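Please look at the sequence and the structure below.

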Amino acid sequence: MSKRSFSPYSHKPQTPQKKSKTLVVGLTGGIGSGKSAASAWFAEQGIDIIDADVIAHEVVAKGSNTLHKIQKKFGDWVLNSDGSMDRVAVRTHVFSHPEALIELEAITHPAIREAAKAQLATSTSPYVILSAPLLIEAAEAGLANLCQRILVMDATEDTQIARASQRDEQSIQKIKAIMVNQLSREERNRHADDVVLNESDLAALYVQLAPLHQEYLKLAQQLKYAVD
């Protein structure tokens, strides 16, 4: 459902930057809400998808400048024997040391944002979907500031748990722990321009996404003319 009227720059960045001709729709939602299914559908319509999760892995790839900065900050223990990042060790460390998480994000977030901006600059589709699970929580390198519109995939807690446990075979306890670190449904939806309640099958999801796609195509044209 559409929540409010469109403003080409309704999500204004904190610092001035050159206006883009490309409409960027931020796609987010809690675990098990259907972000991946929605991204796949938009991709089938010819829309470029920028996935923050993919970028987050790429920027700390073996030999990357970002990984070198992490090693310099925390020590050699962040690396596996082959030189890749020991994600389990780093994740365990920052979960038990909140200050370390802040330090880690200070390194990774700028890299994620710059990589996302680089992908936006090369996009050729009418508009772009920027998918980030923690888009609103400000834990995704300030990516919300790159978006003119935010689309939230919404689902009840029971549905989230059922989907996530089936998909990843994670324990309910672990899924709930992830959900605790995400915004509540109410808070997330409050920040949204559009909300899709994804409680049924894929066919029902696509029925809701189709009119949004048409709306985004129109808004993309409006933005292009406004900037021109």
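## Basis

This is a predicted model, in which local features need pLDDT of at least 70, side-chain atom pairs count only at pLDDT 80 or more, and totals for chains, interfaces and linings use all residues. Residues are numbered from 1 along each chain as its sequence is written, and side-chain values use heavy atoms, with hydrogens and water left out.

## The sheet

Five strands form an open sheet in the order E2-E3-E1-E4-E5, with parallel pairing. Strands (E, at least two residues) and helices (H or I, at least four) are DSSP runs numbered from the N terminus; two strands pair if DSSP finds at least two bridges between them. Strand E2 (48-51) and strand E5 (194-197) are at the edges with a single partner strand each, so one side of each has no neighbour in the sheet.

E2 pairs with strand E3 (residues 127-131) in the parallel sense over four bridges. Ile49 has Ile129 in E3 as its bridge partner.

## Helix H1

Helix H1 (residues 35-44) packs on the sheet and touches strand E1 (23-29), E2, E3 and strand E4 (149-154). Contact means heavy atoms within 4.5 Å.

## Helix H5

Helix H5 (residues 98-121) has 24 residues. Its buried residues (under 20% relative accessible area, 1.4 Å probe, protein chains only) include Leu104, Ile107, Ala111 and Ile112. Among the elements that cover the buried residues of H5 are E1, E2, E3 and helix H3 (65-74).

Terms used
Axes fitted to C-alpha atoms, helices over the stretch in contact; angles between N-to-C directions. Expected span 1.5 Å × (residues − 1). Buried < 20%, exposed > 50% of the residue type's maximum accessible area, 1.4 Å probe, protein only.
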